[in-house]
Structure formats: C-alpha cells, structure tokens
Amino acid sequence: MTPPEARRPAPPPPGSEAKPLRRVAVVGGGPGGLYAAALLKRLGPEREITLWERNAPDDTFGFGVVLSDETLGGIEHADPAVHAALQREFVRWDDIDIVHRGHTQTSGGHGFAALGRRRLLEILHERCAGLGVRLRFREEAPPAAELAASHDLVIAADGVHSRTRDARADRFGPHITAHRCRYIWLAADFALDAFRFETAETAYGVMQLHAYPFSPHASTVIVEMREEVWRAAGFDTCDPAESTRQCAKIFADALGHRPLRSHHSSWLTFRTVVNEHWSHGNTVLIGDAAHTAHFSIGSGTKLAVEDALALAACVQEQPDLPAALAAYESERRPVVESTQRAAAASLRWFEELGTYVDQPPRQFAFNLLTRSRRVTHDNLRLRDASFTAAVEDEFGCAPGTPPMFTPLRLRALELRNRVVVSPMDMYSATDGVPADLHLVHLGARALGGAGLVMTEMVCVSPEGRITPGCTGLYTDEQAAAWTRIAGFVHTGSPGTAIGIQLGHSGRKGSTKLMWEGIDQPLDHGNWPLAAASPLPYAPGVNQTPHALDRAGLDAVREQFASAAGRADACGFDLLELHCAHGYLLSGFLSPLTNHRTDAYGGTLANRLRFPLEVFDAVRERWPEDRPMTVRISATDWAEGGTTGEDAVEIARAFVAHGADAIDVSTGQVVPSERPEYGRSYQTPYADRIRNTLCVPVIAVGAISSWDDVNSLLLAGRADLCALARPHLYDPHWTLHAAADQGYTGPGAPWPLPYRAGSRPPPTGRTDAPKPRLTLD
C-alpha cells in the first residue's frame with residue numbers, strides 16, 4: 001500500500017462533481033502554508049489563492065530545517081520542481097556525535113538532509129509566484145470570520161500562536177501545554193560534520209546543545225536547559241546579545257571557540273499544541289496551528305509539509321469540501337499523534353537529563369539515541385553494528401547474548417533473564433482457592449522461558465478480594481493449592497522463579513468478574529469494604545467503604561504478615577507488595593483517595609506511614625535471603641493526584657525500608673484518570689525512579705516486543721520488563737524471542753519435552769519453480 005506521505009494527488013473519482021474551490025485563503029507564510037498554496041494552485045490553475053504573511057519574506061524563526069526521506073518522497077511525487085530545487089540545496093550526513101564528560105560517542109547510519117530555512121522559504125516563494133499564488137507580505141490577514149465568508153477554503157497555517165484557531169477556540173478545542181525547559185535558536189558560521197548533542201554540567205545545573213549543519217558554511221545551534229537552571233545562570237536577565245555570547249562560552253569546545261549569532265533570537269518555552277478538531281466549516285488547521293512536536297525529533301517542518309500534501313490530495317480526491325476536510329484529519333491525525341508521542345518522550349528525556357549524567361558514556365549515548373522509542377536496539381544495530389556491540393559489551397552481554405537474556409541477582413535469587421510475566425487476574429478461584437486454570441496459566445508461562453512468573457494479586461483476607469473469583473492466601477486449603485503451583489514451576493521449568501503479589505482490594509472490592517462488568521458492584525452477596533477514607537470508587541455506583549480505625553489497621557497489617565508467612569511455606573521465590581492501582585495500600589498513598597486528618601493522612605510522609613508499616617511487617621516474616629518488591633502507581637493521571645516527583649519519594653521510602661526493586665505502574669486509582677496511552681507509555685516513570693535513586697526497577701505498560709525489552713535494558717531505563725498481554729497471546733513469548741534472535745544460551749533454555757519444537761515448523765511451499773530458460 002502506498003503511504004499517504006508518498007502519494008501523488010489523484011484526479012477526482014469518475015462521475016463525481018466536486019464543488020469547485022475558486023477562492024482559497026492561506027494565513028501564514030511558513031513552509032506548510034506556502035506548500036499548500038502551491039499544490040492547490042498547481043492542481044487547480046483557475047483558483048484564486050491568496051496567502052497572507054505578516055512578516056517580511058526573509059523573516060524566519062530558526063536557521064536550518066531537517067527533512068526526512070519519507071517527506072522528500074512525498075514532495076517528489078507531488079511536485080518534482082520543488083523536489084529538484086531542494087535536492088540542489090541539501091547538506092547530507094549520517095553520523096550523530098554524543099559528547100558527554102569529555103567522551104565522544106559516534107553512531108552512524110542515520111541519514112539526514114538539511115537546508116537553510118530561509119532558502120527553503122525562497123524556493124517555495126518562487127514556486128508560488130511562478131504558479132500565480134498572490135503573496136501578501138508584511139500584511140495581517142483579515143479576521144477569520146471575514147475570510148471564511150469570502151473564500152471557499154481557509155487554511156490556517158499561522159503557527160503555534162494561531163489567531164485563526166484562537167478566534168474559534170470553542171470549535172477547534174485547543175489544548176496548549178507549556179513545558180519545563182527554556183531554549184534558544186542560534187547559528188554558527190561553520191558546518192559541523194555530524195548531528196551533535198553535547199552536555200555541559202555547570203555550577204547552575206545541566207545544559208544541553210543540539211546542533212547540525214544546514215549549509216556548507218553554517219550550522220543550527222539550539223541551547224536548552226531546565227527553567228530553574230536558566231534562572232540560576234542569569235539568562236532571565238540577559239539581553240539576546242549577552243545570551244548568545246554566554247552560550248558560545250559554555251559550549252566553546254563544540255564550537256571550536258568560534259562565536260554564535262542570532263536572528264531576533266530569544267529564550268522560548270516549548271508548547272505542545274493539541275486540538276480536538278482540525279476543521280470548522282470551511283476553515284482548516286495545518287502545521288503548528290493544529291499540532292506541535294518537540295524540535296528534538298526534528299518534526300515541525302516535516303509535519304507541516306506532510307499536512308499540506310495530505311490536504312491537497314484529499315481536496316482533489318473527495319467529492320466535496322466537508323468530505324475532504326474529514327478525510328484529511330482522518331488520515332493525518334494518527335500519524336501526528338504517533339509523532340507527538342515520540343516527541344513527548346524525547347522532550348521528557350531532555351527535561352530529565354540531569355538524572356542520566358552519571359551513566360557510562362556509551363550507555364548515555366544509547367539512551368539518548370533511543371529516547372523517543374522510534375530508534376530501538378535492533379534498529380540501531382542495523383544502522384551501526386559496531387557502536388551497538390560496544391554498548392552491549394559495556395552492559396555485560398556475553399558474545400551472542402541479547403540484553404534480555406543476561407542474568408540479574410536480587411539478594412540470593414538470580415533470575416536467568418530479564419523477562420517477567422506480569423500479574424494477571426484470572427478471576428477463576430473458588431473461595432480464594434486457585435484452580436487448575438491457575439496451575440496451567442502460570443505453569444505454561446514458566447515453561448515459556450520467562451525469568452520470573454508472577455501470580456495475580458493474591459488477597460490477604462476474604463474482605464480484601466476484588467471479586468468472588470479472586471485468589472487468596474488466608475487458609476490452609478489456599479496454601480496447599482499455591483504450594484502445588486510453585487512446586488510445578490520449580491520442577492517443570494528448572495531455573496524459572498515464581499513470585500507472589502500480595503494485596504487488598506480496599507474500596508475497589510466486592511465487584512463483578514471482569515467480563516461481567518469491570519468495577520461494577522455485585523448484584524447480591526456484597527461484602528463490606530474498608531479503605532483509607534470513606535470515599536466510593538465511583539460515586540453512585542460503588543459502595544462507600546468505612547475508614548480503617550486503629551484496630552482495623554492492626555488487623556490488616558497482621559493479615560499481610562500472615563499471608564507472607566504462608567507464601568514462604570508455599571515455596572515462592574519473591575514477594576511483591578501491591579501498593580498500586582487504587583487498592584487498599586495505594587488508597588493510602590494517593591491524596592485523591594486519602595482524606596484522613598490523623599497521623600496516616602495529610603503529608604506524603606503521613607500517607608506513606610501505613611503502607612510502610614505493612615511492608616515492615618511482611619519483611620519481618622519473609623526470609624532475609626529472598627527479595628521483596630513493591631508495585632506503585634507512579635502517577636494517578638489526574639489533577640491533584642500522585643505525581644512523578646511523589647513517586648520518586650514513595651520509592652525512596654520503600655527502598656529505605658528494604659525493598660529490593662520497585663515495580664513501576666501507573667493509574668487505575670480514580671475513574672476520572674486520563675492516561676497518555678502509547679507504546680511503553682509507563683516506562684518513563686520507571687526510568688526516572690531508577691536513575692534518580694539508583695535502585696532496580698521493573699518497567700511495565702505496553703511493552704510488546706523483545707526489541708522494546710532490549711532497548712529499555714541497554715538504555716538503563718529498567719532492570720526487568722514485565723509483560724502481560726503478550727504472554728496471553730503467546731505463553732512461549734520469551735522462548736520465541738530467543739529463537740527470533742538466534743539465541744540458544746542458558747538465559748532461555750527450552751524444556752526437554754519441548755526442545756523438538758524450538759524451530760519454526762515448516763510451512764507449505766509458496767515459491768514456484770524458476771523457468772529453466774528465458775528468451776528475449
């Protein structure tokens with residue numbers, strides 16, 4: 001299938017008569033607006049197209065523009081004349097240099113093409129003028145409503161501060177988020193020979209440089225730092241000239257002690273723009289007016305140009321303007337949202353740069369290169385095998401061993417690989433007793449090669465169950481069933497560890513099985529609930545729990561401790577305390593669910609008090625040589641709830657009490673949460689805790705591929721990776737990951753009865769015999 005960005009605008013479908021777009025207004029003379037005007041004029045020479053730009057033709061923000069091969073392919077198909085002009089101007093290079101603490105790590109094979117932004121605009125000006133587009137510089141566009149009334153189509157390409165968008169904010173629904181760093185666009189009058197990232201650890205804090213060539217004689221230089229560093233360094237009181245001089249001084253080595261220059265440059269705060277709708281009536285948003293993505297992945301001009309391509313194609317293909325604007329948004333929104341997720345990951349990485357500076361040089365470089373999740377371990381190995389091999393060697397990978405198959409020791413327990421089968425509720429127990437399904441479920445995944453298999457949340461009391469189908473460990477019958485399961489894992493899959501997760505449902509208990517209605521109360525047979533505060537999970541739906549008093553707190557603490565003693569007797573290798581997802585202990589930690597006014601409420605230290613008391617009681621019953629982990633919700637994804645900063649302090653407290661690793665999940669605390677879903681979307685919180693506290697962490701959350709696992713481990717963002725749904729899809733996920741990577745070592749041995757299946761089975765023949773003779 002031809003990707004949208006490489007598609008040539010097609011003629012209208014036969015027999016369809018679209019209402020002609022005779023008058024088109026374009027507001028904003030950046031690359032997106034200019035290219036949209038040129039394409040629409042080229043496709044409809046009879047159209048009257050007017051573009052307004054309030055600045056002069058040579059006024060521009062920034063210096064150089066980086067375009068991808070995909071974007072260039074789209075331009076080549078849509079307008080060969082523009083493509084040919086760009087090709088003559090490009091500076092190309094392959095390498096990225098990462099300079100940190102005097103060490104330069106170079107990674108090749110990346111492939112960049114850049115040119116001056118001013119030259120790009122000149123090319124587009126010339127193309128528009130040649131096609132007959134009316135360009136009105138140094139002139140404000142008429143009001144949005146006036147343009148919409150007098151034109152068939154209005155294209156708002158007027159940037160992040162779009163007046164056109166703001167005039168109908170009630171219809172477009174913009175959401176604008178300011179971030180934590182300040183940055184400034186500058187230029188150097190010499191060409192770097194690679195894309196260069198460099199850190200400067202100053203008395204004020206960490207600063208970073210992003211720089212790349214855009215002509216044979218010039219480079220773009222962006223200097224960025226956290227707001228508090230910017231203020232401490234005095235940049236908030238510097239004029240632009242002094243800021244430019246100070247930046248050149250800080251990064252003198254990178255610049256060869258040459259000066260920097262600016263062009264009306266000032267310090268900026270990046271703003272992420274998201275709109276609920278990209279069009280209203282006959283007005284449509286493109287480029288930064290519709291969406292922004294952080295400059296560290298070089299996406300602004302790329303997205304704007306691709307928007308222009310898609311809009312022109314949809315106008316040409318669809319029978320009328322409403323259909324065209326709907327098709328444009330339908331096509332572009334998923335692409336943009338994916339880019340914005342990658343950009344957000346990159347932005348956060350640079351915001352948290354100070355937590356990575358103590359990493360070894362090669363790991364630091366690998367971490368930086370894979371920060372957006374678009375470049376991965378496997379992808380980087382294809383680009384630069386020698387660099388990736390050096391990173392693997394520094395990590396401790398034996399020859400031919402992928403990172404995920406390296407061992408990890410927690411106390412006396414050595415895990416043979418870094419894959420964890422995440423806790424998954426089966427809702428299939430009777431009176432808390434695990435059933436044969438639990439034996440098969442956990443046993444199958446142990447046979448599947450994971451280093452650690454975790455039980456579902458095992459409840460410490462009948463009242464602590466989530467549903468009637470949840471397992472427990474408060475009776476001898478339950479203990480006997482768990483002993484059978486742990487024994488099978490140890491004998492059926494020698495070398496696989498099994499861990500138990502202990503928890504109490506709190507206010508989220510007494511609900512139906514997941515497939516009968518998640519978080520919905522039982523139709524009958526409900527049991528009373530207990531929580532930190534008398535707050536129902538969903539008001540008007542779930543019952544109101546009673547707040548635990550002193551006697552209740554003591555009883556719950558003893559229930560956890562008693563269950564830990566039983567878990568020891570059952571033969572579990574690791575114990576995890578569940579302090580996440582809005583269950584009882586999580587309910588004490590979050591300010592949204594803990595409204596107590598006694599010693600267990602109020603400050604974070606007070607909210608931690610009871611979970612720590614439970615942890616201490618469990619640790620006392622759990623054998624000293626066996627590890628304990630704690631699962632936390634690192635953010636509530638809700639205003640006023642637990643934040644990333646809080647999560648670091650929560651983790652710090654548990655580590656101080658003896659936790660051997662932190663299992664970092666997020667959310668599920670309040671029903672009003674708004675998670676930022678996406679691939680590996682929870683891992684930045686694990687990353688932050690690990691690199692702030694230097695404590696092992698388990699990363700979870702939409703980690704779906706062995707390439708993701710290898711990337712997270714090599715970058716130092718996680719020590720273990722827990723996967724749930726991939727293990728439901730494929731119980732042998734780990735063994736298949738080993739086979740896919742050609743690994744046959746001790747980190748993923750096939751069980752003896754299954755060894756004959758360690759290679760993919762043959763399939764039916766799909767290739768036809770080749771001809772014996774070919775004649776011209």
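Q: What volume does the largest cavity have?
A: Keep in mind that this is a predicted model. The largest cavity among them has a volume of about 60 Å³.

Q: How many nonpolar, polar and charged residues are in the lining of the largest cavity?
A: Let's start with who is there: the lining includes Val375 and Leu712, along with Thr370, Thr376, Ser680 and Ser711. Arg373, Arg679, Asp708 and Arg717 line the largest cavity too. Sorted by class, that gives 2 nonpolar, 4 polar and 4 charged residues.

Q: Which strands are the edge strands of the open sheet of 6 strands?
A: Reading across the sheet, the order is β8-β2-β1-β9-β17-β16, and the pairing is mixed. An edge strand pairs on one side only, and that picks out β8 (134–137) and β16 (279–280).

Q: In which sense do strand β1 and strand β2 pair?
A: In the sheet order, β2 and β1 sit side by side. Valine 24 stands opposite isoleucine 49 in β2. Over 5 bridges, residues 23–27 of β1 and residues 48–53 of β2 pair up, and the sense is parallel.

Q: What angle does the direction of helix α1 make with that of β2?
A: Helix α1 (residues 31–43) packs on the sheet and touches β1, β2, β8 and β9 (153–156). Taking its direction against that of β2, you get about 170 degrees.

Q: At what angle to β17 does helix α11 run?
A: Helix α11 spans residues 321–351 and lies across β9, β16 and β17 (283–285). Its angle to β17 is about 10 degrees.

Conventions: Residues numbered from 1 in each chain as written. Predicted model: local features only at pLDDT ≥ 70, side-chain atom pairs only at ≥ 80, totals over all residues. Heavy atoms only, no water. Pairing = 2+ DSSP bridges. Helix = DSSP H or I, 4+ residues; strand = E, 2+ residues; numbered from the N terminus. Contact = heavy atoms within 4.5 Å. Axes fitted to C-alpha atoms, helices over the stretch in contact; angles between N-to-C directions. 1 Å grid on protein atoms, 1.4 Å probe; cavity = no way out; pocket = protein on both sides within 12 Å on 5 of 7 lines; lining within 4 Å. Points joined across faces, edges and corners; volume = space filled by probe spheres on them. Nonpolar A, V, L, I, M, F, W, Y, C, P; charged D, E, K, R; others polar.
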